[in-house]
Every structure is written in C-alpha cells, then in structure tokens.
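Here are my notes on the model, as numbered points.

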Amino acid sequence: MMNRNQVRPQRRHATPSRIERVRRQAVPKPRVIIALLLLLGLVSVMLLDGYLRAEVGNDQRVRSDASASKVPDSVLDGGPFLSFQGGTARTRSVPDKTIVLTFDDGPDPEWTQKVLDILDDNDVPGTFFLVGSMVSRYPDVVRRMVDDGNEVGVHTFTHVDLSYQSAARVTREIAQTQLALAGAAGITTTLFRAPYSSTNDAIDNYSWPVYKKLGAMGYTSVFIDTDSEDWQQPGVSKIIKWATPKSGKGASVLFHDAGGNRAQTLEALPQYIKKMKSKGYTFTTVSGAQQRAQGQQGQGQQAQGQQAQGQQTQAPQGTPGTAGNTLQSNPEQAAHRTADTATLWEGRALLGAVAVAEWTVPGLAAVLAVVGVAVLGRFAMMLVLARRHYRQRNRRRFTWGPSVTEPVSVIVPAYNEKECIANTLNSLAASTHPIEIVVVDDGSTDGTAEIAESLGLPNVRVIRQPNAGKPAALNNGVRHAHYDIVVMMDGDTVFEPDTVQRLVQPFGDPEVGAVAGNAKVGNRTTMIGAWQHIEYVMGFNLDRRMYDLLRCMPTIPGAIGAFRRDAVLEVGGMSEDTLAEDTDITIALHRAGWRVVYAEHARAWTEAPASLGQLWRQRYRWSYGTMQALWKHRKSVTDRGPSGRFGRVGMPLVVLFQIVTPVFAPLIDVFTVYAMIFVDFKASLLAWLAVLLVQLVCAGYAFRLDRERYRYLLMLPLQQIAYRQLMYLVLIHSCVTAATGGRLRWQKLKRTGEVGTPAPGTGVR
C-alpha cells in the first residue's frame, strides 16, 4: 500500500523511429489478414449453404400456358424416354407388363432410406432423379442407392425450372449435380428429368431448346405416363389406384422420396409392388426398360450385347468427368458412367465444402440463438433494474448520508488541448461547489498551459510535466491535490454549475470510494454525433443504472468521475498496465472493498469524435483496454467477501454483454440478410423489426430518464444498420489484436472546442 503522497512510478514508452513506423506500415498486420480470412470464409460458407437450399430467385415454374407449336407431335404424344440421334428426336415407351418406378426430389436421409428398404425387401429396382444440393448434403444415401442396384438421374442442383433460365444456368445446374454424384458414388449419369415437367405434354416452346441441348449432350430426358400424385397425400388407396397402368400396358410411374411428408408413399409402395407382381408385371429401371424396348423392336441387339459384356459406349457430350465406359455390366445401371479422376476429386471437394457448411451454419445459428436470448435478456434486465434504480433514487427519504460541503480538487489532465481548455476551465469556475482546479499539462506543445494561466481564474494551478501519458498526469494531479475528494475529468469536457456538487454527494456514505457521473455528447448536431448521443444515453447510462443497483459498476468514465484520494492511493494510483485506466482503477477499487456508485444527475458534456476514423481509434482503444483490464483482474472471480462481488457478478456481465454478445451480434444481422435472401424475406424482416422495436423501447425509456429530446430516436434505425456494425467491427478488431498479441499505443484525437458550457435550462436538452 502506498502512502498519501506517493503514487506508483510511471513508465514511459520510447517513441518509435520514423524508419520503424514505415517498416511496420509496409508489413501486413497478421491480425488484419486473419480477420479478413475469417470474414471471407464465413461469407463463403453461408453463401454455399444458402445456395444448397435455394438459389436466389427463379426457383419455381413461372409459365404454365406457353405454346408448344415448335415441339414435334411425335414427342408430345410419344413415350416417356426422349433422346436425340443425329439431331432427330426419338421417344420410347415402356414395354407391356413392365413398371419403371421413378422417384423425384431426393435423396432424403429419412424418407429415401425407407424407400430403399422397401425396394430391397421386394427385390425391385428404382430410378431416382436426384437434386444435386441434396446429393451433396446426403452422399451416403446416394452411395447406398447405387450399391443396391438402383439407377440415378439428374433433377437439377437447386430444383429450378430450366425452361426459363440462361444457357449458363442450365449448364451449371447439370454440371454441379454431376459433380455431386461423382463425389458421392464415383459416377455420372446420362439420365435427366426436369422439375415441373413430368409428362411429355409439359414441353413447350420455351423448354424445347433445353431438351434439344441436353439431347445433343447425350442425355436421355425421362418423363412419366402414370402419376401416383403422392405429393398431394390423397390417401394410400388413391395412390395405388392412380399409379396402376391400364390394360396391361407398361408405365413409367412417378413417386416422391423427399420434399415433404412421404408417410403415405411408404405405406402405399409395398402394397402397390405386390399388386403389380400379382398381375404379372416386372419391375426395372429406365435403362432396363429401354433395352427391353429395343429387344421387342428387334433393333439395337448388337449394342445391347456389348453393354452386357461391359464394352465401351459413347458417353454423353458435356457430361463432366465421364471416362467413356459404363460402371458395370448390370443392364439396370447402363446409364451410369465412371467419373474420371479429376471430376471425382472435384466432387469430393464439393462434398467436403458442403459438410463444413452443414456443420458451421447450424452451429452458428445455435450460438446466435443463445446470443439473441442474451441480448433480449439484457434489454429486459436493463429496463427492470433501471426502473428500480430510478424509483430508489427518487424516494423522498433517500439520502447518501450527511451532505458533502467541503472543497474538492478537480484534476484536469491536458495534452495539446488549446481548442478546449478555456471552455473546460470556465465551466469549472462557475461551479456552485467549492473547488480547486489542478491542470496537469502533459508536455503540450500548442500552448495549452499558457492559455490556462492567461485566463486568470481563481483557484487554478497549472502543473507542467514532461509528456508521460494520461495516467501519469492524473497521478501527478492526485499528488498535488489539497483535498480528500478528487474529481477527474478530460480536458475536452465541460461541467454544469451544479455538476461537482451532485457528483460528490454519494461520499456521504463512508463505504463509497468512487462515483461515476453522467457523460453527455455535446456535439450531437451531426449524424455521427447523434449516433453517439443515442449510444451514451442508452448503452452507457442505462447500463450504469443496472450495474449500480447490482453494485458492480465496471467503469468510471474518464470524462467525469470522483474518487476518495486515499482510495486511489490505496490501489496504487492510475495504472499504465492497460489502455483503459478508468476501467482498471474501477475494478481495483471494487477489489479493495470500496463501493462504486452512479450519480445520474451529475452531468458532463464531452466532445465526441467527429469522424469515423477518430471514432474507430477511440473505440478500438476502449475495447482493447477493457479486455486488458478484465484479464489483469481475472483473479477477482475467486476473491472472497465484498471484494469478490465484481468478479462474481460484474465480470461475467461485462464479458457477456460487452465482449461475447457484441462479437457475435454482427452475425445476427448477417443471418437476417441470409434468411431474407434464402429462407423467408417477410418473416426475417419482421423478426428484425421486432428486435428494433425492443431496442427503441429501451432507448425511449433511457431518454425519458435522462430527460432527453425524443427526436434523436429517429436516427435509431440507421444507427442500428450503420453505426452499430462499425462498433462491432471495432470490437472484433480488438479481439483479433488481443488474440495475436498485438500492442496498441495511446492516440490523440483531434478536437474542435465546439462544446461549450450549456446555457441555464438547456443543458438537458
């Protein structure tokens, strides 16, 4: 413990040479690179996850009555298998007494697996038209599907209607699905089915060029001639009835193994298979049906024999990664091709990226749900405790103890404050409480000390010292103070006449070691000033009411704070260990057993940063300094008795509300944008507006308590969109700096001196 006239020695940091500064600027800062990489990675993962679920716009059929005048009648009235040979369209039908079971919209981890179980139990194959995004999310299901002898086809990557898309979009949808198939099962396929176009007569003048293009690439477009309409969930009996072909004809039958509740499909499917077998029907895949049709027509016997022997066949042009050979001799899977090495690894890379997205996005969503609950909980806590604080302090019988009337020392550290020092000292000279003013000039080079002396104000002493930093200046002021209570303020701040009197009254309670005042933004006429004004009233002063009631005030603002001189000396004075000396000494006083309170009616008007650059530097230092102070006093968590109250209550609250939730809070806005684009725009917007309304209520109540004009709240929505994001980025930057072991020096902000002493009766407005 130090005696009354001693303070801890201050360390001075050597000024870096110009060469060192240039060298530092030339080398990229690792923390900046890390932050940018993390941001890029997160955005990439979220975009991938969103793309897997629904591409932006054009995700449903937009025309249903287009003309089919350009489509040949032989195609519109033909069989369900459409291919092109030499540019000529050709269709084939399913042979009589033959069923091709086709399933759309999978794979699904629940429904598709159960469909596969049914097919295995009944020893029949199926042809599954897969959505590429689902393939990339559930590759194990596709692998089982192929291993069980089923056939697969392309159903686009995002289930989009290709009829009205650009050629590039068509190519991308097909190629990405083929990559997913390659990564999942090591194959590509020559089968294709377009979403929203299950029957031949769905082809129109818009979609016909797409089918011609796919045919030229070697694809067989697969339609149906019998629809179970299971997607309507009409009941098991109707599904079976509608899926049954007439008069012993063959059929390409449509079921669904994903895209909704398929319980009725699962119940109907085994009954349907048994019924059709009892009628003498056999089941096969699309390839198997085509080969049977060729055999009945007496055509293509040689080609069929070659496929049965596993010889090479021509791969569809434009099919990514086809090695030009069939995967195996199984005629039921003749449409499958072995993916070449490059496509195989590209597909695996795609699945790897999707797996990362599948784990990351839901994980972040869960974290953000917790953060969201914490944020809303904080708002609720602030409202309840602020109300209780207001009622407690405004009781008629409330008193801190005997009225404090003895003189106090006001310490004004100043470094190059020529624009502000006169306003500051003139405001103090009007104080209704007896004070002495100790101006500590910290090596100013702009004549600050001379200006202070030239004012000729009574009870003003100017102490000059070599430049050593704000903590050293404050300690020097404490050393030269004549009175037991010292008030500390910034050189760019002005007090109202009764500020000091209101600020020191809590010292009537002998347990009180320090008092935090109510700092107000003086230069609030600009947009950035108005944003900070809202933040000060809501984010700082409403918080202080809460912390005051909980007896764990984390920070006495440097702009306005009062201390028992003995308490300051007891904890070793203002420390240079951190960049937030105000937070540091506040926590130190808590640990020393002193009570720290909030005097909401003691107002100080400070000049807030007037540019984004200055604001960034100020808040960067505040955030980083707060982290330093919390780390320095981390052992307060284990302190016992009254001295450990801050560690048990204040420390967790500060870490949660000032570090953890703000770090993750930007992701809430990012996820809101994500949800607006990929999920539900209206619901997401309403959720965001609901949170904004909660904040508006809190801000409105804070403005009411501080008797501020509500008109500034009109800036709140824009503040939430722009200013708040900047503050989050500052905090994230500080966290990265702390994590990478970076150091931050004090930085002097440019002042204008525009904040003067408020006129009587207008100070609160």
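**Notes on the sheet and the helix packing**

1. Strand 15 (residues 435–442) and strand 16 are parallel partners joined by six bridges. Strands pair if DSSP finds at least two bridges between them; helices (H or I, at least four residues) and strands (E, at least two) are DSSP runs, numbered from the N terminus. Val440 has Ile463 of strand 16 opposite it.

2. On provenance: this is a predicted model, in which local features need pLDDT of at least 70 and side-chain atom pairs count only at pLDDT 80 or more, while totals for chains, interfaces and linings use all residues. Residues are numbered from 1 along each chain as its sequence is written, and side-chain values use heavy atoms, with hydrogens and water left out.

3. The open sheet has eight strands in the order 16-15-14-17-20-19-21-18, and its pairing is mixed. Strand 16 (460–465) and strand 18 (493–495) are the edges; each has a single partner strand, so one side of each lacks a neighbour in the sheet. From one strand to the next the twist averages 30°. Angles run from 0 to 180 degrees between N-to-C directions, and axes are lines fitted to C-alpha atoms, for helices over the stretch in contact.

4. Two helices pack on strands of this region. Helix 16 (residues 470–480) lies across strand 14 (408–414), strand 15, strand 16 and strand 17 (485–488), at about 145° to strand 15. Helix 20 (residues 581–591) packs on the sheet and touches strand 19 (512–521), strand 20 (561–564) and strand 21 (595–606), its direction making about 155° with that of strand 21. Contact means heavy atoms within 4.5 Å.

5. How many residues of strand 19 are buried? The count is 10 of the 10, so strand 19 is largely enclosed by the rest of the structure. Buried means under 20% relative accessible area, exposed over 50%, and partly exposed in between (1.4 Å probe, protein chains only). Strand 19 pairs with strand 21 in the parallel sense over eight bridges, and Val515 stands opposite Val597 in strand 21. With strand 20, strand 19 runs antiparallel, joined by three bridges; Gly561 in strand 20 is the bridge partner of Ala516.

6. Ile485 belongs to strand 17 and is buried, at 5% relative accessible area. Its C-alpha atom is separated by 8.7 Å from that of Val410, 75 residues apart along the chain. Leaving aside neighbours within four places in sequence, Ile485 is in contact with Val404, Glu406, Val408, Ser409, Val504, Phe507 and Phe563.

7. The axes of helix 13 (residues 341–393) and helix 22 (residues 645–678) come within 9 Å and cross at roughly 120°. That makes helix 13 oblique to helix 22; angles under 35 degrees count as roughly parallel, over 145 as roughly antiparallel, 65 to 115 as roughly perpendicular and the rest as oblique. The contact involves residues including Leu364, Leu368 and Arg378 of helix 13 and Phe657, Phe664 and Phe671 of helix 22. By class, the contact residues are 13 nonpolar, two polar and one charged. Ala, Val, Leu, Ile, Met, Phe, Trp, Tyr, Cys and Pro count as nonpolar, Asp, Glu, Lys and Arg as charged, and the others, Gly among them, as polar.

8. Helix 4 (residues 111–122) and helix 6 (residues 139–147) pack at about 15°, with axes 10 Å apart. That makes helix 4 roughly parallel to helix 6. Thr112, Gln113, Leu116, Asp117 and Asp120 of helix 4 meet Val141, Arg144 and Met145 of helix 6. This contact divides into three nonpolar, two polar and three charged residues.
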